[in-house]
Amino acid sequence: MTAKLSAPRKKAGSKPDDKKLDRVVAQALQARDKRMQSYREQALKVLPWICGRCAREFALENLHELTVHHKDHDHDNNPADGSNWELLCRYCHDNEHSREIDALAADTAATGSSTDKATYKPFANLRDMLAAKKK
Ligand SMILES: [Zn+2]
Ligand SMILES: [Zn+2]
């Protein structure tokens, strides 16, 4: 049995066609927009126009402030019965997501040493630095 030597092949003409790439990206974005549009429309059809957090009611005039939140945070999980959607006003939606970030931050803070902050003296070397500058 002879092992084939796989010499590094030259990638001739494999440079991505920028225009083609642009088109593919544009199509993907369009598809995403379409999907987003459609699940928002669907959500607005099956759910009452009320923020699930602050219970603010919405009408056509301010409907753009009502956003669709995915309960499992999977934007591709869009069951037609609306079980993965929650309508939230922009503020509550922001809150909903920043809470996760807060939770994440709390997690990392908990694992790090909390004494760092207390002992950190940003200007401890300032005198030395100034002295060095004067020379
Ligand atoms: Zn709200
Ligand atoms: Zn969300």
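H69 is buried, and H93 is buried as well; buried here means under 20% relative accessible area, exposed means over 50%, and partly exposed lies in between, with a 1.4 Å probe and protein chains only. Both residues belong to a metal site. The zinc ion (ligand 2) is coordinated by H69 through ND1, and by H93 and H97 through NE2, at 2.0 Å. Donors are N, O and S atoms within 2.8 Å of the metal, or 3.2 Å for Na, K and Ca; water is not among the atoms, so sites may look incomplete. Along the sequence, the donor residues of this zinc ion (ligand 2) have the spacing H-x23-H-x3-H. H69 sits in strand β1 and H93 in helix α2, so this pair ties together parts that are 24 residues apart in sequence. Helices and strands are DSSP runs, H or I of at least four residues for helices and E of at least two for strands, numbered from the N terminus.

A word on conventions. This is a predicted model, in which local features need pLDDT of at least 70 and side-chain atom pairs count only at pLDDT 80 or more, while totals for chains, interfaces and linings use all residues. Residues are numbered from 1 along each chain as its sequence is written, chains are lettered from A and ligands numbered from 1 in the order in which they are written, and side-chain values use heavy atoms, with hydrogens and water left out.

Now the other zinc site. Which residues coordinate the zinc ion (ligand 1)? The SG atoms of C51, C54, C89 and C92 do, at 2.3 to 2.4 Å. The angles subtended by the four donor atoms are 103 to 117°, which makes the arrangement around the zinc ion (ligand 1) tetrahedral. The criterion for four tetrahedral donors is that all angles lie between 85 and 135 degrees. For reference, the ideal angle for four tetrahedral donors is 109.5 degrees. The donors of the zinc ion (ligand 1) follow the pattern C-x2-C-x34-C-x2-C along the chain. C51 is in the loop between α1 (18–46) and β1 (66–70), and C92 is in helix α2 (residues 90–111), so the pair ties together parts that are 41 residues apart in sequence. C51 and C92 are both buried.

Next, the overall layout. The protein has four helices and two strands, and from the N terminus on the elements run α-β-β-α-α-α. Of its 135 residues, 16% count as buried. Among contacts between residues at least 6 apart in sequence, 51% join residues at least 24 apart, a contact being heavy atoms within 4.5 Å. The protein exposes about 11,700 Å², and carbon and sulfur atoms supply 56% of that area. Accessible areas come from the Shrake-Rupley method with a 1.4 Å probe, and for residues only the protein chains shown count as cover.

On to charge pairs. How many salt bridges does a search of the whole structure find? The number is five, where a salt bridge is a side-chain nitrogen of Lys or Arg within 4 Å of a carboxyl oxygen of Asp or Glu. R53 and E86 form one of them, at 2.9 Å from N to O. R53 lies in the loop between α1 and β1 and E86 in strand β2 (residues 85–89), so this pair ties together parts that are 33 residues apart in sequence. R53 is partly exposed, at 38% relative accessible area, whereas E86 counts as buried at 18%. R53 also meets E96 in a salt bridge, 2.8 Å from N to O. That pair links distant parts of the chain, with E96 in helix α2, 43 residues from R53. E96 counts as buried at 13% relative accessibility. R53, E86, E96 and R99 are linked in a network of salt bridges. In another pair, R56 and E65, the closest N and O atoms are 3.1 Å apart. R56 counts as partly exposed at 31% relative accessibility, and E65 as buried at 15%.

Two backbone points remain. Most residues other than glycine have a negative phi. A55 is not a glycine, yet has a positive phi of about 60°; A55 is in the loop between α1 and β1. H73, also not a glycine, has a positive phi of about 65°. H73 is in the loop between β1 and β2 and counts as partly exposed, at 34% relative accessibility.

Key:
Four donors count as tetrahedral if all angles lie between 85 and 135 degrees; four count as square planar and six as octahedral if opposite donors are over 155 degrees apart and all others between 65 and 115; anything else is irregular.
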